[in-house]
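Subject: Handover of a structure and its findings

Dear colleague,

Please find the structure below, together with its sequence. The findings follow directly after it.

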Amino acid sequence: MEQQVSLSEMLDARERRAASQRRLLETYHETLLCFTMNIAGPIKNGERIRGGFEIGKRRLEDRLRAAKIGWTAREEINEKTGNEIIYVLAQDPLKIKKIAVEIEEESTLGRLFDMDVLRSDGTKADRGEIGLPGRRCLICGRAARECARSRTHTVEELQEKTMQILDEAINETDAQEAARRAVSALLYEVCTTPKPGLVDCMNSGSHRDMTIFTFMDSSVALYPYFRICTQIGRSTAMKAPGDTFVQLRRVGKRAEADMFAATKGVNTHKGAIFSMGILCAALGRLPRRSWNNPETIVAECAAMTHGIVAADFAGLTPENAVTTGQKLYLEYGITGVRGQMESGLPAVLKFGLPILRRGVARGLNINDAGAATLLALMIATTDTNLIARSDIETQQKTVAELKELLAENPYPERAILERLDQSFTEKNLSPGGSADLLAICYFLYFLESEEEECPTI
């Protein structure tokens with residue numbers, strides 16, 4: 001909840017910050033980088049302001065990492081008087097000042113960043129020392145000091161402009177990040193090797209019309225779609241979840257066309273367009289702080305797709321059933337990916353994601369943990385792709401054999417996986433539906449694991 005800050009509270013906060021700076025300088029005798037937000041008016045913190053601050057922090061830390069600069073110490077606070085973070089850096093202050101100014105100037109949002117650099121003696125590094133002019137006004141672009149001194153713009157004007165900048169930056173950054181994670185998950189899925197009957201780094205499995213490069217082309221082509229899905233989620237976040245889903249289906253058709261154009265007519269990611277598009281829209285509907293909570297994300301997916309099975313299969317008869325999914329629903333009540341999504345992806349939450357987490361925790365690399373996750377997903381769900389390439393008896397027999405195998409070791413050795421791959425390929429089997437769920441597991445795992453440890457010297 002946004003709270004107004006009094007003048008005395010702001011003065012106290014400045015005194016506290018100055019005291020922290022003195023303490024850190026006396027302790028480390030190194031350069032300090034102090035990052036706060038330039039926010040006009042009595043409200044200095046809130047969800048949007050904090051969101052802008054987090055973007056600035058990520059950009060700053062990414063830039064420091066790129067320059068191979070670690071920090072000796074870091075202190076951060078988040079109070080109603082604002083967000084603050086201080087880095088202690090064993091670096092030349094003008095080098096750090098140049099990095100800070102580049103971040104402040106590279107985007108409109110950067111104009112809300114206040115990144116002060118203090119030398120070890122407490123003096124402040126100035127823009128003029130690196131040959132740059134002072135900061136520009138947020139509204140008119142003239143020298144900020146002149147506008148502040150003459151009070152050219154009202155506090156209300158500055159507040160309105162600030163919120164506009166924050167909204168645009170947060171929405172665009174979140175859309176790009178969600179799309180990047182989605183594409184990354186698709187690429188991780190196809191590169192996981194070996195996968196029984198599926199395209200991977202070793203072979204094309206049961207698929208004669210595609211290779212790993214086909215999947216790479218398709219994944220990249222879908223980036224704009226995932227970005228749009230996230231934006232749709234954000235723009236409809238205040239509406240009913242079903243309204244978001246209605247809009248997704250409209251853009252999904254365009255995404256399929258983009259996929260087929262990239263693959264020259266090969267269906268690589270039709271299932272992922274459905275499932276990953278919904279996940280990206282769910283991220284758009286949720287605040288960034290919820291992105292590391294898989295249960296919250298899939299609950300939003302379930303809300304968005306509530307009633308989809310009944311609606312999509314309404315009026316279905318043996319005479320008008322065309323797709324494999326429709327025929328399996330009529331004959332066996334198998335709901336496929338629609339049922340998974342509407343029920344909150346139970347195969348992912350209860351089986352796939354835990355197997356992936358445990359595999360990594362026990363020291364497996366992401367590839368080997370992912371390969372085991374795929375097998376667990378094949379048991380946890382009825383893969384309609386397997387049935388489409390054989391029959392339900394073959395799918396059931398395959399699942400029974402996998403259960404027996406995983407009962408002995410949930411993380412089979414590579415030689416066993418290679419034998420499974422050979423067997424699936426010879427029988428022309430392909431668990432494509434489970435592969436889509438593996439991509440979802442990667443997606444959620446990346447989101448919940450995105451906080452990295454601070455690099456230290």
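At 37% relative accessibility, R23 counts as partly exposed; buried means under 20% relative accessible area, exposed means over 50%, and partly exposed lies in between (1.4 Å probe, protein chains only). This is a predicted model, in which local features need pLDDT of at least 70 and side-chain atom pairs count only at pLDDT 80 or more, while totals for chains, interfaces and linings use all residues. Residues are numbered from 1 along each chain as its sequence is written, and side-chain values use heavy atoms, with hydrogens and water left out.

Salt bridges

The side chain of R23 forms a salt bridge with that of E75, at 2.9 Å from N to O. The term denotes a side-chain nitrogen of Lys or Arg within 4 Å of a carboxyl oxygen of Asp or Glu. R23 belongs to helix α1 (residues 7-28) and E75 to strand β2, so this pair ties together parts that are 52 residues apart in sequence. Helices (H or I, at least four residues) and strands (E, at least two) are DSSP runs, numbered from the N terminus. E75 has a relative accessible area of 30% and is therefore partly exposed.

In total, the count comes to 33 salt bridges. Another of them joins K57 to E54, with the closest N and O atoms 3.5 Å apart. Both K57 and E54 lie in helix α2 (residues 47-66), 3 residues apart, about one turn of the helix. K57 and E54 are both buried.

In helix α18 (residues 414-426), R414 and E418 are 4 residues apart, again about one turn of the helix. Their side chains meet in a salt bridge of 3.0 Å, N to O. R414 is partly exposed, with a relative accessible area of 42%, and E418 counts as partly exposed at 32% relative accessibility.

How many residues of strand β3 (residues 82-89) are buried? The number is 8 of the 8, so the strand is largely enclosed by the rest of the structure. G82, E84, I86 and V88 point one way from β3, while N83, I85, Y87 and L89 point the other way, and all are buried.

Two strands pair if DSSP finds at least two bridges between them. Strand β1 (residues 31-37) runs antiparallel to β3 and is joined to it by 5 bridges; here F35 has I85 as its bridge partner in β3. Strand β2 (residues 73-79) also pairs with β3 in the antiparallel sense, over 7 bridges. On that side, the bridge partner of R74 in β3 is Y87. A hairpin is formed by β2 and β3, with 2 residues between them.

T398 lies in helix α17 (residues 392-408) and counts as buried at 7% relative accessibility. Apart from its neighbours within four places in sequence, T398 is in contact with F424 and L429, where contact means heavy atoms within 4.5 Å.

Helix α19 (residues 432-448) has 17 residues and reaches 25 Å from its first C-alpha to its last, close to the expected 24 Å. The expected span is 1.5 Å times one less than the number of residues in the helix. Helix α19 is mostly covered, as 14 of its 17 residues are buried.

With kind regards
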